[in-house]
Amino acid sequence: MELFRIKKDIPFMRHALIFNVISALTFVAAVFFLVQKGLHFSVEFTGGTVMEVSYTKAADVDGIRRTVDSLGYVDASVQTFGKAQDVVIRLPLSKTLSSTQQADQVMAALVAKDPEVKKQRVEQVGAQVGDELAHDGLMALLFVVLGVMAYLAIRFEWKFAVAAIIANLHDVIIILGFFAFFEWEFNLSVLAAVLAVLGYSVNESVVIFDRIRENFRKQRKMSVTEVIDNAITSTISRTIITHGSTQMMVLSMLLIGGPTLHYFAMALTIGICFGIYSSVFVAAAIAMWLGVTREDLIKPVKEKDDTDGAVV
């Protein structure tokens, strides 16, 4: 399916150096903010108090969130789980109040708004649990990267694997840089979004790499640069359809999904935008600079020896 077809190839690789300089500067800025400001981790990572409450009717999550915020818990998380009547509230660590005192304080405020609310359970999340989650998240990220590299190296060639991983890590670091710069909350849903962006960006790179390999087989008179330009140009229509549809869905979550999905959708929005950019201007360009050739992807056909089978 194609919305349009471009007859003349766009010379993407002619401007690859400029775009990669921009990417490098953006990457360095993201790293700077990560080092300078760091990530604003949620209760799941830093520890705190987790309490569950239930209502007799559908809970007003926004009203509960305003009530909790009025108590000074700016970084608290409020969301429904299971049924619309059940709500889980995550409170950050307090230097002056214990976990029980925090829960009692919040319950008193909630009861003042709705006397029928009931407290189901209260748990304290220790820093050790947060450290384990952070460790597990980093290990998940590492395994995804290694898996992607192995997959691309087997399906294509190691130069494509290196190019794709650099492009994907470029996307991940920029997402984290945005969260560090604006001090947005980094929680488990954001981590899930980062892992999703890795797979999403790889998919776009695989499509372009597959077309490059196909062009090497069909267009034997083209140079490497011309092959890459043709591959990117011929997949533009598919890119617009796929990413446009995905971005509309993600933007709907961002705009009307509420605070629970806000940062998850924000991470996906940034990742999709930079994923398209990196697949075209970063991954393909790096593969070109690494010296990918037709012989890397297509084994040369051995010429038959005329003496084979000759009777002596």
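Helices (H or I, at least four residues) and strands (E, at least two) are taken here as DSSP runs, numbered from the N terminus. Arginine 65 belongs to one of these runs, helix α3 (residues 61-70). The structure is a predicted model, in which local features need pLDDT of at least 70 and side-chain atom pairs count only at pLDDT 80 or more, while totals for chains, interfaces and linings use all residues. Residues are numbered from 1 along each chain as its sequence is written, and side-chain values use heavy atoms, with hydrogens and water left out.

Burial follows relative accessible area: buried means under 20%, exposed over 50%, and partly exposed in between (1.4 Å probe, protein chains only). Arginine 65, with a relative accessible area of 13%, is therefore buried. Contact means heavy atoms within 4.5 Å, and residues up to four places away in sequence are not counted when arginine 65 is found to touch Val78, Pro259 and Thr260.

We may turn next to the nonpolar interior. A nonpolar core is a set of buried Ala, Val, Leu, Ile, Met, Phe, Trp, Tyr and Cys residues joined through side-chain atoms within 4.5 Å. The largest such core holds 35 residues, of which Met13, Ile212 and Ile232 touch the most other members. Two or more residues are given to this core by each of α5 (127-155), α6 (158-182), α7 (188-218), α8 (224-234) and α10 (259-289). Helix α10 supplies the largest share, ten residues. A second, separate core has 23 residues, including Phe45, Val172, Phe186 and Ile272. In soluble globular proteins, nonpolar side chains tend to be buried together.

The buried residues of α9 are Ile236, Ser237, Thr239, His243, Gln247, Val250, Met253 and Leu254. An α-helix has 3.6 residues a turn, so residues three or four places apart point the same way. The cover over the buried residues of α9 includes α7, α8 and α10. After α9 comes glycine 258, with a positive phi near 85°.

How do α7 and α9 run relative to each other, parallel or antiparallel? Their axes come within 12 Å and cross at roughly 170°, where axes are lines fitted to C-alpha atoms, for helices over the stretch in contact, and angles run from 0 to 180 degrees between N-to-C directions. Angles under 35 degrees count as roughly parallel, over 145 as roughly antiparallel, 65 to 115 as roughly perpendicular and the rest as oblique. The pair α7 and α9 is therefore roughly antiparallel. Tyr200, Asn203, Glu204 and Val207 of α7 meet Arg238, Thr239, Thr242, His243 and Thr246 of α9. By class, this contact has two nonpolar, five polar and two charged residues, where Ala, Val, Leu, Ile, Met, Phe, Trp, Tyr, Cys and Pro count as nonpolar, Asp, Glu, Lys and Arg as charged, and the others, Gly among them, as polar.

Also in helix α7 is serine 205, which is buried at a relative accessible area of 1%. Apart from neighbours within four places in sequence, serine 205 is in contact with Ser279 and Ala283. Threonine 235 sits in the loop between α8 and α9 and is buried too, with a relative accessible area of 4%. With neighbours within four places in sequence left aside, threonine 235 contacts Val207, Ile208 and Arg211.

Helix α6 has 25 residues and reaches 36 Å from its first C-alpha to its last, close to the expected 36 Å. Glycine 177 of α6 is buried, with a relative accessible area of 4%; leaving aside neighbours within four places in sequence, glycine 177 is in contact with Ala30, Phe33 and Leu34. Most residues other than glycine have a negative phi, and most peptide bonds are trans. Glutamate 183 has a positive phi of about 60° although it is not a glycine. This glutamate 183 lies in the loop between α6 and β6 (185-186), and its relative accessibility of 51% makes it exposed.

Terms used
The expected span of a helix is 1.5 Å times one less than its number of residues.
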